[in-house]
Amino acid sequence: VISPEVLARYAADAALEVPGVAAVVEGPRHRTRVRVSGREVEVHVTVDWGAVLPEVAAEVQRHVGAYLERMAGVRPAGVHVVVEDVARLMGR
């Protein structure tokens, strides 16, 4: 059995690999805002300025699901993506 905390770390790593994702949002105590509950995953992200949000979110869903299946043998029933912020352009 793999703990939800380990699965959450895997999900955060996978989300960061997606083009257009600037960061996985951190919550209190510098923990990423990724929650794994049963077979559901919720990932809170900041996206790059100019990214097409529906495309980035769909890719995060696909990539997180595939990553968890490859790394842990777990296929989530759902991957929910919450876009909390858009990274601002440097110098503006």
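These entries cover a helix, one of its histidines, and then salt bridges.

Entry 1. I note that the model is predicted. I began with helix α2, residues 53–72. I checked the length of α2: at 1.5 Å a residue its 20 residues should span 28 Å, and the end C-alpha atoms are 28 Å apart, which agrees. After α2 comes G73, with a positive phi near 70°.

Entry 2. I listed the buried residues of α2, among them V56, V60, H63, V64 and Y67. I then looked for what covers the buried residues of α2 and found α1, β1, β3 and β4 included.

Entry 3. I picked H63 from α2. Its relative accessible area is 15%, and because buried means under 20%, H63 counts as buried. Leaving out residues up to four places away in sequence, I found H63 touching A14, E17 and V18. With E17, the H63 side chain makes a polar contact of 2.6 Å.

Entry 4. I searched the whole structure for salt bridges and got five. One of them joins R33 and E84 at 2.8 Å, N to O. R33 sits in the loop between β1 and β2 and E84 in strand β4, so this pair ties together parts 51 residues apart in sequence. R33 is partly exposed at 34%, and E84 is partly exposed at 37%.

Entry 5. I also logged R35 with E42, closest N and O atoms 3.4 Å apart. R35 is exposed at 51%, whereas E42 is partly exposed at 21%.

Notes
Residues are numbered from 1 along each chain as its sequence is written. This is a predicted model: local features need pLDDT of at least 70, side-chain atom pairs count only at pLDDT 80 or more; totals for chains, interfaces and linings use all residues. Side-chain values use heavy atoms; hydrogens and water are left out. Helices (H or I, at least four residues) and strands (E, at least two) are DSSP runs, numbered from the N terminus. Buried means under 20% relative accessible area, exposed over 50%, partly exposed in between (1.4 Å probe, protein chains only). A polar contact is a pair of N or O atoms within 3.5 Å; within protein, one must be able to donate a hydrogen and the other to accept it, and residues adjacent in sequence count only if both atoms are side-chain atoms. Contact means heavy atoms within 4.5 Å. The expected span of a helix is 1.5 Å times one less than its number of residues. A salt bridge is a side-chain nitrogen of Lys or Arg within 4 Å of a carboxyl oxygen of Asp or Glu.
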